[in-house]
Amino acid sequence: MKKPRAFVKAILSVFILGGLIFPYTAFAGTPETLAVLSFDINADKNKNLDYLKKGISTMLYSRLTSPGKVVVVPPQKMASLEAGLKKLSGSQLVHETARKTDSRYVIHGTITSLAGAFSIDAKVFDTTEKKYMAFFEQSKNSDDLIQKVDRIAAAINHKVFNRTTVTWEQMEQEKQKKLNEFKNQNPENLMQIPTGWQQEEKVGWKVWKYLF
């Protein structure tokens, strides 16, 4: 009688284990796919800042890739793809990129250089929901550009893909510190601080806006 009992226990174990694994498999889903377009450069014609395009694309690829959750189209593949999309811009460029890479999300942005300082504007487009979220950072010089791009990547990870990183936690601590200082210095203006999402409807796109 021991063998049948052992067999029954083994079968029950398989069903129990299967019951635990199946929900995970069923709801884990497939990873989201993200394409990063080269950033546009606004700078003096005498300055060649093309290296920034490659650097930012590489950084975002590295920072936003999350095994099993987010697949980022490799920069080499994107460079080849963009060569055939030079005539497109705006919404057409975003949607054609999404179609050709089978990506739901597309990142496009601009780097502006003025008097040695830089501003980085990035938008993450959700082409399925037809909306985008904007991110912004400023750099006083080229030395801290990597840090600023890292902050944008951390914000995208958290706000778009619900992924918290060490950089995001540091940013939140900075934000809380500034908020506490504001409370102490300007308590009468406390109600003017925006909280949560600030959403604005526009024709063709719903707008997510998250600026630092």
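The model is predicted. Its secondary structure comes to six helices and eight strands, and 34% of the 212 residues in the chain count as buried.

**The overall layout**

- Take the contacts in the chain with a separation of 6 or more: 57% of them are accounted for by residues 24 or more positions apart.

**The largest nonpolar core**

- This core has 31 residues, and L34, L60, I107 and I156 are those with the most contacts inside it.
- Helices and strands both build this core: the elements that give two or more residues to it include the helices α2 (50-64), α5 (145-161) and α6 (166-185), along with strands such as β1 (32-36) and β4 (105-114).
- Helix α5 provides the largest share of this core, nine residues.
- To see L34 in its surroundings, set aside its neighbours within four places in sequence; L34 is then in contact with L64, V70, V71, V72, V73, S103, Y105, V106, I107 and F161.

- You can find L81 in helix α3, which covers residues 75-82.
- L81 has a relative accessible area of 15%, and because buried means under 20%, L81 counts as buried.
- Not counting residues up to four places away in sequence, L81 touches T97, K100 and T101.
- L81 and L37 are 44 residues apart in sequence, while their C-alpha atoms are 9.5 Å apart in space.

**How α2 and α5 meet**

- The axes of these two helices, α2 and α5, come within 10 Å and cross at roughly 40 degrees.
- That angle makes α2 oblique to α5.
- The crossing of α2 and α5 is right-handed.
- On the α2 side, the residues that meet α5 are L52, I56, M59, L60, R63 and L64.
- Their partners in α5 are L145, I146, V149, D150, A153, I156 and N157.

**T127, a buried loop residue**

- T127 sits in the loop between β5 and β6, and with a relative accessibility of 13% T127 counts as buried.
- A polar atom of the T127 side chain lies 2.7 Å from the backbone oxygen of R104.
- Leaving out residues up to four places away in sequence, T127 touches V94, H95, A98, S103, R104 and V106.

- As background, most residues other than glycine have a negative phi.
- D102 is not a glycine, yet its phi is positive, near 55 degrees.
- D102 belongs to the loop between α4 (90-101) and β4, and D102 is exposed, with a relative accessible area of 64%.
- A115 is not a glycine either, and A115 has a positive phi of about 55 degrees.
- Look for A115 in the loop between β4 and β5; A115 is exposed, with a relative accessible area of 78%.

Conventions
Residues are numbered from 1 along each chain as its sequence is written. This is a predicted model: local features need pLDDT of at least 70, side-chain atom pairs count only at pLDDT 80 or more; totals for chains, interfaces and linings use all residues. Side-chain values use heavy atoms; hydrogens and water are left out. Helices (H or I, at least four residues) and strands (E, at least two) are DSSP runs, numbered from the N terminus. Buried means under 20% relative accessible area, exposed over 50%, partly exposed in between (1.4 Å probe, protein chains only). Contact means heavy atoms within 4.5 Å. A nonpolar core is a set of buried Ala, Val, Leu, Ile, Met, Phe, Trp, Tyr and Cys residues joined through side-chain atoms within 4.5 Å. A polar contact is a pair of N or O atoms within 3.5 Å; within protein, one must be able to donate a hydrogen and the other to accept it, and residues adjacent in sequence count only if both atoms are side-chain atoms. Axes are lines fitted to C-alpha atoms, for helices over the stretch in contact, and angles run from 0 to 180 degrees between N-to-C directions. Angles under 35 degrees count as roughly parallel, over 145 as roughly antiparallel, 65 to 115 as roughly perpendicular and the rest as oblique. A crossing is left-handed if the near helix is turned anticlockwise from the far one by less than a right angle, and right-handed if clockwise.
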